[in-house]
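Visitor: I have a structure open on my screen and would like to learn how to read it. Could you take me through it feature by feature?

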Amino acid sequence: MSSLNRRAILIGASPNANPIPSVYSDVARWSAFLLSSPGGAWREEEIVQLTDCDRNALRNAVSTSAGVHYSLVVFAGYGKLVKGKLPWDEAQVTLRNGDSVAERELNPGTPSCTLIFDCWASVIEERGADSSERGNPRDLDRDSAKYRALYDQSVMAAESGLAKVYALAQDGVAAPNETFSQHLLAIASRWAADNHGVLSLQEGVSLAAEARSNQRVEYHGGRRLRHFPLAVRI
Amino acid sequence: MNRKAILIESSNVEGQTDLPGARADIANWSEFLRSDLGGAWRNTEISILSKPYSGEVEKELKVSSDCYCFVAFSGHGCEGSIVLNSSWTTFPISKLVPDCERSTLIVDSCRGIEEAERLRFAAPIVAKYAELAESVALHASRSARGWILANGATEFSNTSLEVNTHYLRWRRALLESSKGTVRMLACSKGQGAGENPSAGGYYTSLLMQSAIDWNGQRSAYQIHSTKEAHDYAARFLPPQQTPEYSPLSLAFPFAVKA
């Protein structure tokens, strides 16, 4: 079976006017997780990290996804849902220089795509990484090719299309002590330590949302019967 | 001329992800059709089915040949079939086509590969987490209130159909149209169809928004067709969702101005 073309674009935006230090570790954590076997054994060249980029750099990164089958875009920083021309709300995020970027600009248009918006309205303090969040280093895992194949199969088994995750601040609610990304990846890593098979994005977000009473967490996977993977374990 | 709208939602089928957007679709369709903009349909002309048995669907689809039938389905599906209820998970889309001279069929569901084919790729799902599949719509709105009338786009008509200008114009446009069935599918083969828990299916909600936008524009045309509504939706859908319309040469009135 031929390998699936993938692209991950991990964006951390800490505005000059109101910095969020946690976005840098969010990007690093996502990268480490994706490179690990449970994260799907992504290759380094498949992952683009953008911290404090401007709109042009963002557009360039998004445009590199041409010819890719599955893309995963993660944004960590300030953002909110706004009502525009469409019948439904869409995310609008803020870059370092204060520029607003619409959800559509982050969508690479690949046949299959997951957009994750981990957005908060105030500063979340940085904290040290839990060892369980780092996943299993791939070089220690001789089965990484099998993990990668299982991840590919899970993407291919799902309907193509767009899936979105919104983790957003709620008005008047205090910031949590960890970001949604930190929480989600910790859950995925713990799942992979105890289980075998595939943890879908839908299931992972559902588990993560249970403990996020101070954040609005929504999974918009559409009407699909099969969902994209979050973590795999042989 | 008779007309009949059959609105089917299978949003909460046992063993499948709940789809609050599918319920919103049916509420929106009902509001839209009953409005002047949608053609001033009467309540007696609209049947709403929720997770129906196949027999109920077949019964509703039995109409006279000169009846115009508008059928909309929102829920889960695969290529060529829909999930009607927990027993009928592969109800053929072809069976939703009524046996009348003019009809429109709108299916807002996914078109993934069929189960048997999919199983070749399927990875084992850990039983411990299987039950989570039923609780996907996190914090989703369960509002049955659509946004069509909430947007102030149009009003329900109180006048009888015999003197309702919107209806008369809609009827004339229908009778001037060719005969056949318009099929409008929310996505292409292999694709998923998106939905928002409150606004409804991306495709369905854009169809209705197209009418609202059109109504707000100055235009010499008094009829907004099914094809025009489809083209509008196709323009604003995410690039991962490409709807299909057939046959391209056929269109029926979708919205009407007085």
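Guide: Happy to. Let us begin with a term: two strands count as paired if DSSP finds at least two bridges between them. Keep in mind that this is a predicted model. Here, strand 1 and strand 3 of chain A pair in the parallel sense over seven bridges. Within strand 3 of chain A, the residue opposite I11(A) is F75(A).

Visitor: In which sense do strand 3 and strand 7 of chain A pair, and over how many bridges?

Guide: Strand 3 (residues 70-77) and strand 7 (residues 112-119) of chain A are parallel too, with eight bridges.

Visitor: What is the strand order in the open sheet of six strands in chain A?

Guide: The order is 2-1-3-7-8-10, with mixed pairing. Strand 2 (47-51) and strand 10 of chain A are at the edges; each has a single partner strand, so one side of each has no neighbour in the sheet. From one strand to the next, the twist averages 5°.

Visitor: Which helices of chain A lie across these strands?

Guide: Look at helix 1 and helix 6. Helix 1 (residues 22-35) of chain A lies across strand 1 (6-12), strand 2, strand 3 and strand 7, and runs at about 160° to strand 1 of chain A. Helix 6 of chain A lies across strand 7, strand 8 and strand 10, at about 165° to strand 10 of chain A.

Visitor: How should I read the two faces of a strand, and what is the case for strand 3 of chain A?

Guide: The general idea is that side chains in a regular strand alternate between the two faces of the sheet. In strand 3 of chain A, one side carries Y70(A), L72(A), V74(A) and A76(A), the other S71(A), V73(A), F75(A) and G77(A), and all are buried. With eight of its eight residues buried, strand 3 of chain A is therefore largely enclosed by the rest of the structure.

Visitor: How many residues are in the largest nonpolar core, and which have the most contacts inside it?

Guide: The general idea first: nonpolar side chains tend to be buried together in soluble globular proteins. The largest nonpolar core here has 66 residues, and I11(A), V74(A), F75(A), V93(A), F117(A), A188(A) and V205(A) have the most contacts inside it. Helix 5 (residues 180-194) of chain A gives this core its largest share, seven residues. There is also a second, separate core of 56 residues, with V71(B), L96(B), A193(B) and F252(B) among them.

Visitor: What are the overall figures for chain A?

Guide: Chain A has six helices and 11 strands. Of its 234 residues, 54% are buried. Taking contacts in chain A between residues at least 6 apart in sequence, 80% join residues at least 24 apart.

Visitor: What is the order of the open sheet of three strands in chain B?

Guide: That order is 4-5-6, and the pairing is antiparallel. Strand 5 (residues 81-82) and strand 6 of chain B share two bridges, and S81(B) stands opposite P92(B) in strand 6 of chain B.

Visitor: Is V182(B) buried or exposed?

Guide: The cut-off for buried is 20 or more other C-beta atoms within 10 Å. V182(B) has 23 such neighbours inside 10 Å, so it counts as buried. V182(B) sits in strand 8 (residues 180-185) of chain B. Beyond neighbours within four places in sequence, V182(B) is in contact with T104(B), T226(B), L250(B), A251(B) and F252(B).

Visitor: How many residues does each chain bring to the contact?

Guide: Chain A brings 37 residues and chain B brings 38. On the chain A side, the elements that each supply at least two residues include helix 4 (144-157) and strand 8 (161-169). That side divides into 16 nonpolar, 14 polar and seven charged residues.

How values were computed: Residues are numbered from 1 along each chain as its sequence is written. Chains are lettered from A and ligands numbered from 1 in the order in which they are written. This is a predicted model: local features need pLDDT of at least 70, side-chain atom pairs count only at pLDDT 80 or more; totals for chains, interfaces and linings use all residues. A nonpolar core is a set of buried Ala, Val, Leu, Ile, Met, Phe, Trp, Tyr and Cys residues joined through C-beta atoms within 7 Å. A residue is buried if 20 or more other C-beta atoms lie within 10 Å of its own, exposed if 12 or fewer, and partly exposed in between; C-beta atoms are placed from the backbone. Helices (H or I, at least four residues) and strands (E, at least two) are DSSP runs, numbered from the N terminus. Two residues are in contact if their C-beta atoms, placed from the backbone, lie within 7 Å. Ala, Val, Leu, Ile, Met, Phe, Trp, Tyr, Cys and Pro count as nonpolar, Asp, Glu, Lys and Arg as charged, and the others, Gly among them, as polar. Axes are lines fitted to C-alpha atoms, for helices over the stretch in contact, and angles run from 0 to 180 degrees between N-to-C directions.
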